[in-house]
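Subject: Handing over a structure

Hello,

I am passing a structure on to you, and I hope you enjoy looking through it. Please open it first, and then read my notes below.

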Amino acid sequence: MASIEEIIRREVNPFDPTTFKPGNFWREKQDAALTVESIHAEAIAEIASQLNQVAKDHRSRTVLLTGDSGLGKSYLLGRLKRTLNSKAFFAYIGPWSDSDYIRRHILRYTVDSLTQIPEGQQDSQLILWLKSLSAFTKRTLKQRIFDDSAWDVLQSDRQKFIRHLKNTYKQAGIYNADSFFGVLHDLTDPELYPLACEWLRGDDLSEESLKELKLKKSIESEEAAWEILSNLGRISAETQPIVLCFDQIDDRLAFDPQPFFSVNTTIHNDGLKNLLVIISVTTSNWKRTSDRIQMSDKAGIHQHVQLKRINLDQAKALWQFRLQPLHEQANPQPTSPIFPLSQQLLEAKFPGGKTDPRNVLILGRQEYQKFKDSIINIPKPDPDPVTSSPEAEFQLIWQDEYNKVKNKITKISLLSASELIRMVQETLAALKMQQIKPKLLSGKYAGYSLSYVEQNHKKIGIVWTEDPNMTSFVHVMNACQKVVQNELCDTLYLIRAMDVGKPNLTGNQIYRQIFQNSRHHHIKPVLSSLHTLATYHSLVNSVGSNELVIAGKTINLDQLESLVRKCDIFRNCTLLQELGVVKKSISHQPEIDLQEVNKYLLSLVKTQGFMGKNTLIQNTISKFSQLTESKIDQLIQQLIKAQKIKIVNPDAPAKDHLVCYVPQA
């Protein structure tokens, strides 16, 4: 085994900057081994108590969770899900793109989360919830006598299933009962389950899909979305509670808090059962926002949980958990569980004895790097790699987030039209497009569109719709036709990966009139373009909640936009190329963009100062799993030949080679 100093020389800094950015707890798995149980233990106990009350009396409650930036509110939500998922169903709900669609947004995110499979389970939360309904758990005398399973019997007969649920919940006031209970039955059919989930989450399904589900229409309005969400609450009185966790919504509340808190009040006024609503916001933003919320809506908050700062013993424990994997590899074992850090560093940095987890991790990263540089015994390639390379660090954070998005978003239709157009709007703003205005279209589908002005002063319109329903497509095309007829823009772009219907359909005919052989264009987006837009959208949301840390500092939106331009993040996004807002790539992009791999290699080496070549290869494989070790080694050799990195101990055995970044003139 190697000494701790040898391990530190070759390994990546355990205080990885990508861990400073929290997010959706169904997308980002938390390591229980890194949890300091005493941190925010009081807050967890308070929220767990509220959850227990909901489980007992089935009366919905709302908890406001506040705390300063860096205290770990988003992490706490993930910890609640991890520890209490056996007692409740958890839904993560991020910021909405448009307050006009807030109820559909909540339904979509709730159903998306319910389709996730909890740890240790084989069924999704949605199926576990369905099986736990009183209609299947309360057995009649006849069923007990014949030892019959209500679930198995009813699962095989759709009409009997619907009648049974209608009879069981006839006093609950179920909206559109036949359709709703029919979709619940379709959830039990593996072939229909995906379609049933899409209908429940509010997708505008095609006529063929609706026919398969024996339905006439999709969930088309805010009112219908709310009724379906209410149905979930109305029949859930005797199941485990559903916990709705609203996270990273500071920006939306700062802009217009009333729509959200009106929805929260409606949850309680409409008698939705068995819900625990957790609203996570920063303390400063809550103070600015609360005066703009009606008193009747404030009454809908049942408990205010304020996160407290942590003490130095807890800070030390955070360091210990991060360093433990390195210590376990060492022989002999370090004398201190936080070597190469020390208690004195904490006391000097935080003389008041209190701080927040983020600052503890930032300090750990900086001091660990200083020690690592000190034991290399050759001149440092950079005065301070940790703090002087924000672009390199941003590249690492971007690649980490991109991989999460890529694994989560497997098709474009998973996102609503309002989310898609919001992502385009944010990206155009980062690229310095002027006069960006939402809702170019008029009417029901206004939220599917925007306009902006190019540098040549031409006004560009964008409409993005992936609704497979051809009736909806007709309405969108009619709205586009009005834009063209009224000359509301110079060029109109339709973004749509779905087909545009058969030639004999009205929607297709209008589409051809507008977008064929004209100055208006149809762009068919590829999934990788959406991954790029969604990754940037995720980072924008983090900035809005003061949760994005680059080079030890929390950055704002202007700084984020500057970074994406400096790093040329959008250069390979074909959607933006076709819009003409970034330069088109001359050559065809390969399946693996080796330039992106090279950027990652350079960024990782630059932020680490020094690291083992084998460690560099393994970290790169974790981000670009399609590449082999030999291919990555080949790329490293090319970077060495180009004098961008170098081997600092060439006479050592190959397995012990250390690499460092070579500053460019």
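Here are my notes, from the overall picture down to single residues.

This is a predicted model, in which local features need pLDDT of at least 70 and side-chain atom pairs count only at pLDDT 80 or more, while totals for chains, interfaces and linings use all residues. Residues are numbered from 1 along each chain as its sequence is written, and side-chain values use heavy atoms, with hydrogens and water left out.

**Overall picture**

The protein has 31 helices and 17 strands; these are DSSP runs (helices H or I of at least four residues, strands E of at least two), numbered from the N terminus. Along the principal axes, the C-alpha atoms fill a box of roughly 75 × 70 × 50 Å.

Of the 665 residues, 56% count as buried. Here buried means under 20% relative accessible area, exposed means over 50%, and partly exposed is in between (1.4 Å probe, protein chains only). Looking at contacts (heavy atoms within 4.5 Å), 73% of those between residues at least 6 apart in sequence join residues at least 24 apart.

**A helix and its neighbours**

Helix α30 covers residues 613-623, and its buried residues are Lys-613, Thr-615, Leu-616, Ile-617 and Thr-620. The buried residues of α30 pack against several elements, including α1 (4-10), α29 (594-608) and α31 (629-641), as well as the strands β15 (610-612), β16 (645-647) and β17 (658-661).

**Two residues and their contacts**

Gln-395 sits in helix α22 (residues 390-408) and is buried, at 9% relative accessibility. Setting aside neighbours within four places in sequence, Gln-395 touches Cys-567, Ile-569, Lys-599 and Ser-603.

Tyr-175 belongs to the loop between α9 (158-168) and α10 (177-186), and with a relative accessible area of 30% Tyr-175 is partly exposed. With neighbours within four places again left out, the contacts of Tyr-175 include Phe-180, Ala-224, Glu-227 and Arg-234.

**Cysteines**

How many disulfides does the structure hold? There are 0, where a disulfide is a pair of cysteine sulfur atoms within 2.5 Å. Cys-480 is in none, and its nearest cysteine sulfur, that of Cys-489, is 8.9 Å away. Cys-480 is buried, with a relative accessible area of 0%, and Cys-489 is buried too, at 6%.

**Backbone details**

Most residues other than glycine have a negative phi, and most peptide bonds are trans. The peptide bond from Asn-331 to Pro-332 is cis, with omega near 5 degrees, and the one from Phe-339 to Pro-340 is cis with omega near 10 degrees. Pro-332 is in the loop between α18 (312-328) and α19 (343-349), and Pro-340 is also in the loop between α18 and α19.

Lys-439 is not a glycine, yet has a positive phi of about 65 degrees. This lysine, Lys-439, lies in the loop between β8 (434-438) and β9 (449-453) and is partly exposed at 34% relative accessibility. Asn-517, not a glycine either, has a positive phi of about 55 degrees. Asn-517 is in the loop between α25 (506-515) and β12 (521-523), and is exposed, with a relative accessible area of 84%.

Best wishes
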